[in-house]
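This report describes one protein structure for a reader who has not seen it before. The sequence and the structure come first, and the description follows.

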Amino acid sequence: MPSLWITSRDTIAKISSERVVIKPITNTSVLENTRTIPLIDVDLVILGSRAQFSSPLIHALMKRNIPIFLMNSIGQITGNFLPPIAPHGSTRLAQYNKSTDPKSHKTIAAAVIGAKIYNQRRTLQRIAISR
């Protein structure tokens, strides 16, 4: 799970066209110290007590189900922003319920074995074509 840690003193994080832009608040060498990270590469954001962040950034992260954790100066979590629904939560719950049903074990095993045989057949066909 790729995490974005913003713990540097006096930095600000903003959103700009599907990217998180992190830059210092002071005017000295802004271009040199500016960092950008694509949102697609981020699964979790941790913000230090001295970092600032914009509301549009929070909205963009929540829209993509990316949690944000706030941390104090000694590394303790002091708060968080969590998306309204955990991603794939209902699917995981259905998988768990299915795994507790003994009658479904044979059906699942047969489907997995059938898929493996099919995939092995396709792999052998590709190898035969390339020779």
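A residue is called buried under 20% relative accessible area, exposed over 50%, and partly exposed in between, with a 1.4 Å probe and protein chains only. At 40% relative accessibility, R50 counts as partly exposed.

The model is predicted: local features need pLDDT of at least 70, side-chain atom pairs count only at pLDDT 80 or more, and totals for chains, interfaces and linings use all residues. Residues are numbered from 1 along each chain as its sequence is written, and side-chain values use heavy atoms, with hydrogens and water left out.

**Salt bridges**

A salt bridge is a side-chain nitrogen of Lys or Arg within 4 Å of a carboxyl oxygen of Asp or Glu. The structure holds 2 of them.

| Salt bridge | N to O distance |
|---|---|
| D10 and R50 | 3.3 Å |
| R64 and E18 | 2.6 Å |

Helices (H or I, at least four residues) and strands (E, at least two) are DSSP runs, numbered from the N terminus. R64 is partly exposed at 28% relative accessibility, and E18 is partly exposed at 47%.

The other pair joins D10 and R50 through their side chains. D10 lies in the loop between β1 (3–6) and β2, and R50 in the loop between β5 and β6, so the pair ties together parts that are 40 residues apart in sequence. D10 is partly exposed, at 31% relative accessibility.

**The sheet**

An open sheet is formed by 4 strands in the order β4-β3-β2-β6, with mixed pairing. The edges are held by β4 (35–38) and β6 (52–53); each has a single partner strand, so one side of each is left without a neighbour in the sheet. Two strands pair if DSSP finds at least two bridges between them. Strands β2 (residues 11–15) and β3 (residues 19–24) pair in the antiparallel sense over 5 bridges. I15 has V20 in β3 as its bridge partner.

**Helix α2**

Which residues of α2 are buried? They are L57, I58, A60, L61 and M62. These buried residues pack against β2, β3, β5 (44–47), β6, β7 (68–71) and β8 (77–81), where contact means heavy atoms within 4.5 Å. Just after α2, N65 takes a positive phi of about 60°.

**D41**

D41 sits in the loop between β4 and β5. Its relative accessible area is 43%, and D41 is partly exposed. The C-alpha atoms of D41 and T123 are separated by 31 Å, and the two residues are 82 residues apart along the chain.
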